[in-house]
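Subject: Structure for you to look at

Hello,

Here is the structure I promised you. Please open it and keep it beside this email as you read.

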Amino acid sequence: MFIGDSVSLNQWQSLICLLHSSVPQTQIIEQGDLNFSNYTFRDYGVSVIVFHSTYLVDIEEEKIGRVLKLDSLKSGSIWKNMDILVFNTWLWWYRRGPKQPWDYIQIGDKILKDMDRMEAFKIGLTTWANWVNAEVDPNKTKVLFQGISPSHYKGMEWNEPGVTNCLKETEPINGSTYPSGLPQALYVVEDVLKIITKPVHLLNITTLSQLRKDAHPSAYNGFKGMDCTHWCVAGLPDTWNQLLYIAVTR
């Protein structure tokens, strides 16, 4: 099961395509609702599921509006019964304006209109880490956390200050390091993973994805805007899934 935002959906779609191309004649059963999509490869008894959870922690409707609860995680009862869990969250933590899916943030009894988003990210991720410590049985379930998936809207990050998106990018960045360095969010992830006492593998796709400024759908995917956040299928998510395969079979 993949748990996370649309980047998790991106990787799930890629994996479904890879699996189906290997066994094109197998029967697939599709199931789903607003929260999850499930493809079951019936001949093999394998289900590959994506569970939509933008922040991993909860958003609840209350009298004051939609509340992002940084210390509440109620969907875990569904997740913990899986054989493999691949978590991801980051894309929405700095989202503001009409597309921001919450009105207030709550930590314990404290309700805030807003707060430092990186701090909020760390608190929410710590709630997830505590859930892993308390609820996951490593004898039954393998846990992975996807590294921070980057976007390419600021050419200054790859030494092209006049570039404002990925539209005309047709080649990867030369070399093996990203000019502006690793994102702060990855360091937050690494710090939070240190408090987990159960085995958790960091599927660290950040640097290899940073180098692929050419690998986004941009305007070529029927998308009305400029998508320099998600990834072409097949493309980078295939690489992520090859690394995932190695991580879960070793």
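How many disulfides does the count come to? The count comes to 1 disulfide. Before going on, please note that this is a predicted model.

**The cysteines**

The disulfide joins Cys-166 to Cys-228, with 2.1 Å from S to S. The torsion about this S-S bond is about -90°, so the disulfide is left-handed. The pair links distant parts of the chain, 62 residues apart. Cys-166 sits in the loop between E10 and H4. Cys-228 sits in the loop between helix H5 (206-210) and helix H6 (236-249). Are these two cysteines buried or exposed? Both Cys-166 and Cys-228 are buried.

Cys-17 is in no disulfide. For Cys-17, the nearest cysteine sulfur belongs to Cys-232 and is 13 Å away. The cut-off for a disulfide is 2.5 Å between sulfur atoms. Cys-17 is partly exposed, at 46% relative accessible area. Cys-232 is in no disulfide either. Its nearest cysteine sulfur is that of Cys-166, 8.6 Å away. Cys-232 is partly exposed too, with a relative accessible area of 30%.

**The nonpolar cores**

In soluble globular proteins, nonpolar side chains tend to be buried together. Now look at the largest nonpolar core here, which has 38 residues. Which of its members touch the most others? They are Trp-79, Phe-87, Trp-93, Phe-121, Trp-128 and Trp-131. Several elements each supply at least two residues of this core: strand E4 (46-52), strand E7 (84-87), helix H3 (117-135), strand E10 (142-146) and helix H4 (184-193). The largest share, 8 residues, comes from H3.

Take Phe-121 and trace its contacts. Leave aside neighbours within four places in sequence. Phe-121 then contacts Thr-89, Trp-90, Trp-93, Ile-148, Ala-185, Val-188 and Val-189. There is also a second, separate core of 19 residues. Among its members are Val-7, Val-50, Ala-215 and Trp-240.

**An open sheet**

Next, find the open sheet of 4 strands. Their order is E5-E6-E8-E9, and the pairing is mixed. Which strands stand at the edges? Strand E5 (58-62) and strand E9 (110-112) do. Each has a single partner strand, so one side of each is left without a neighbour in the sheet. Neighbouring strands are turned by 30° against each other on average, direction ignored. Strand E6 (residues 65-69) and strand E8 (residues 104-107) run parallel, joined by 3 bridges. Leu-68 stands opposite Ile-105 in E8.

Start with Ser-37, in strand E3 (residues 36-41). Ser-37 is partly exposed, with a relative accessible area of 26%. Not counting residues up to four places away in sequence, Ser-37 touches Trp-12, Gln-31, Gly-32, Val-48, Ile-49 and Val-50. Ser-37 and His-52 are 15 residues apart in sequence, and their C-alpha atoms are 8.6 Å apart.

Then go to Ala-247, in helix H6. Ala-247 has 14% relative accessibility, so it counts as buried. Which residues does Ala-247 contact, leaving aside neighbours within four places in sequence? They are Leu-144 and His-201. His-201 is 46 residues from Ala-247 in sequence, yet the distance from C-alpha to C-alpha is 7.5 Å.

Best wishes

Key:
Residues are numbered from 1 along each chain as its sequence is written. This is a predicted model: local features need pLDDT of at least 70, side-chain atom pairs count only at pLDDT 80 or more; totals for chains, interfaces and linings use all residues. Side-chain values use heavy atoms; hydrogens and water are left out. A nonpolar core is a set of buried Ala, Val, Leu, Ile, Met, Phe, Trp, Tyr and Cys residues joined through side-chain atoms within 4.5 Å. Buried means under 20% relative accessible area, exposed over 50%, partly exposed in between (1.4 Å probe, protein chains only). Contact means heavy atoms within 4.5 Å. Two strands pair if DSSP finds at least two bridges between them. Axes are lines fitted to C-alpha atoms, for helices over the stretch in contact, and angles run from 0 to 180 degrees between N-to-C directions.
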